[in-house]
Amino acid sequence: MTKTRLPTVSRRMLARRRVLAKSTTTRRSSSRGLGGRRPNQDGSMIAAVGLPQRHFMMMGKDGVVPRAAMVEEPESKSSAVPSSDGVGPVDGVLQDQEKIRNIAIIAHVDHGKTTLVDAMLAQSNVFRENQQVEERVMDSNDLERERGITITSKNTAVSYKGTKINIIDTPGHADFGGEVERVLRMCDGVLLLVDSVEGPMPQTRFVLKKALELGIRVLVVVNKIDRPAARPDYVIDHTFELFCDLGAPDDLCDFPVVYCSGMRGVAGMEPEELSEDLGPLFESILREVPPPRVVVDGPTQVLVTSIDFDPHKGRIAIGRVGAGTMKRGEYAVVKPGAEARTGKAAEVFTYANFQRVPCDEVEAGDICAFVGMPNIAIGETVACKSCPKPLAKIEVEKPTVRMKFLVNTSPFAGREGEFINSRDIKNRLERELERNLALSVEPGQSADEFVVCGRGTLHITILIETMRREGFEFQIGPPSVITSVNEETGAKEEPYEIAIVEAPEEHVGACVDLLGNRSGRMLDMVASENLGTTTIKYRLPTRGLLGLKNHMLTATKGTAVLNTIFDGYDEFGGEIKTREQGSLVAFATGQSTQYALKDVQERGQLFIKPGMEIYEGQVIGIHQRSGDLPVNAAKAKKATNVRSNAEIKVQVAAPKEMSLDDCIEYIAADELVEVTPTSIRMRKNPKGLKAGRLY
């Protein structure tokens, strides 16, 4: 029996009726979305559009952030009427640039964004026939290739039937959501990739919410449609419900859908009718994504949304030309609330065929890059000197996790690093702030200490790993959350997150125990008969997620998949115990020996092997019980003049490999991670020891 597929409008109406049938009460606005949806008097749906409030300010000396409501208005996409405070688009006649399309590809992590961009580039004849192209060509740096994730957004462009399509590849991990927030200002449409099996995931909700805030047209792409367990109807229905939950207006809820396989490079308008290439996807982009609506004949106006660096050209500013043309010459650099200054664009580039191409000028609506302004920053507007009018500054959600960066004071300090003093660390962190808007740095309790705040531990860990590879040597403290105070009640509040765990049925009990012990509250549990897995949804404090990943992988034998998304601030959840076992701590400096380790390994699991240099206070293993245990791992066997038969040697078990991420998750409040270009060690914080000694 052949299954008849309903057209898009019919599916939308059926899904909408199912949503209405679930509840007869009015759908209330949520702080996590754009607002609620409520039925009108005649039964039709209207959107109660509101915006999420930002509840953050700079952190005070006591580490508590007072909450202050600050509502951000969405940017208008169809009018060039200036705002009353002199901030906004320039006056002029708006025109459509039909030969240009600006799109960003947004999705949850590992839903195939970069792979799809590879296929789009390959089918646009960007590469030569004999050119060797690496897989995931947009993931250009080593960290992205090693971890298999996109960390920073990147620009490229292809040409299809005489139309230039600017493509922005964005990160999919929630910790790098700041990259998505700022680059959406350059786009007129987005491709929302959704896995054909998993459907919408936590980061899908976050990136879609940001796109809807700006009123950007959304083209839903159901990727990996060739998977055996693909369920496109389920994915489309849940995607539509996500649009409704976020309060999207009716015109955006009626989203177009394209089915594709980025790996095979095929697409189609129906899952059973795929073309031999990505032609249907390109056609949908030209048809559904509106062209840039800009002031072509007005004064120049370019909002800088990204910063790149070149060893020869210096700082490279990237942004969309909102009005006029961008070419070489002097301009005014302006920002709301700041004095204007003069800057000179020495060279201008545009994007074509996977590279920056020098050009004389870039027209309005296109994305450009330029050099020559060494102090240009993200959020500043490059404008005509005769009309220095800034655009609204870029706002991103504030950090929720912080970590301390300290100068290395271990006995091995200065042996392996090139940049080791506080001045070098301070300068490097200041450079990072110029291109990473979601990061903030504050002074610590001393001149050798800095507090780095980010979206999550992965966000800060990537910075640590990058600095380590650049030759820096320093120490880092354990992650902690940034709390706030409710101005109305005076109660202490902390960040909460929604955790979605997908695990085999036999391991669900272990996941429930772990999340329950960390003050988690179950919201939903759904079993998938086809996949043999169960998906559980919890809401818990961000503190409960610190160090959770490794415990969950151990409990589920590496089969669980954990995804999280920020859910706002709520009442303090009380004490959460994230580690039950203590550490094995060396109390002697020297070289570890097999003779000593064979006895130490009986007390727990080791991080080191024989022959490694260790020092007093270094954490060398996990104690099998609670509390720390000082051990002597450098003890050597005493030689005597008595001849004896060869003793039976006791083999030392292989040590547990600890990556940088593992060390950060493991350390307790009184421990530090020593990071150098060649080594990663853990140690006890000397400030927490009595007279600086372990015993």
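Colleague: How many helices and strands does the chain have, and what percentage of its residues count as buried?

Modeller: In this predicted model, the secondary structure of the chain comes to 15 helices and 40 strands. The chain has 695 residues, and the share of them that count as buried is 51%.

Colleague: Among contacts between residues at least 6 apart in sequence, what percentage join residues at least 24 apart?

Modeller: The contacts considered here are those in the chain between residues at least 6 apart in sequence. Of these, the part that joins residues at least 24 apart comes to 71%.

Colleague: How many residues apart in sequence are the parts that Arg 315 and Glu 434 tie together?

Modeller: The side chains of Arg 315 and Glu 434 meet in a salt bridge, with N to O at 2.3 Å. Arg 315 belongs to strand β14 (residues 314-323), whereas Glu 434 sits in the loop between α9 (422-433) and β24 (440-443), so the pair ties together parts whose separation in sequence is 119 residues.

Colleague: Is Arg 315 buried or exposed?

Modeller: The cut-off for buried is under 20% relative accessible area. Arg 315, at 14% relative accessibility, counts as buried.

Colleague: Which helix holds the residue that pairs with Glu 494?

Modeller: Glu 494 forms a salt bridge with Arg 543, and the closest N and O atoms are 2.5 Å apart. Because Glu 494 lies in strand β29 (residues 492-504), the pair ties together parts 49 residues apart in sequence, and the element that holds Arg 543 (residues 542-545) is helix α12.

Colleague: Are Glu 494 and Arg 543 buried or exposed?

Modeller: These two residues form a salt bridge with each other. Both Glu 494 and Arg 543 are buried.

Colleague: Which residues are linked with Glu 181 in a network of salt bridges?

Modeller: A search of the whole structure finds 38 salt bridges. The residues linked with Glu 181 in a network of such bridges are Lys 209, Lys 210, Glu 213, Glu 397 and Arg 455.

Colleague: Is α5 parallel, perpendicular or oblique to α6?

Modeller: Helix α5 (residues 202-213) and helix α6 (residues 232-245) pack with their axes 10 Å apart and at an angle of about 50 degrees. Angles under 35 degrees count as roughly parallel and those from 65 to 115 as roughly perpendicular, so α5 is, relative to α6, oblique.

Colleague: Which residues of α6 do Thr 204, Arg 205, Leu 208 and Leu 212 meet?

Modeller: The two helices pass each other in a right-handed crossing. The four residues named belong to α5, and in α6 they meet Leu 242, Phe 243 and Asp 245.

Technical notes. Residues numbered from 1 in each chain as written. Predicted model: local features only at pLDDT ≥ 70, side-chain atom pairs only at ≥ 80, totals over all residues. Heavy atoms only, no water. Buried < 20%, exposed > 50% of the residue type's maximum accessible area, 1.4 Å probe, protein only. Contact = heavy atoms within 4.5 Å. Salt bridge = Lys/Arg side-chain N within 4 Å of Asp/Glu carboxyl O. Axes fitted to C-alpha atoms, helices over the stretch in contact; angles between N-to-C directions. Parallel < 35°, antiparallel > 145°, perpendicular 65-115°, else oblique. Left-handed = near helix turned anticlockwise from the far one by under 90°.
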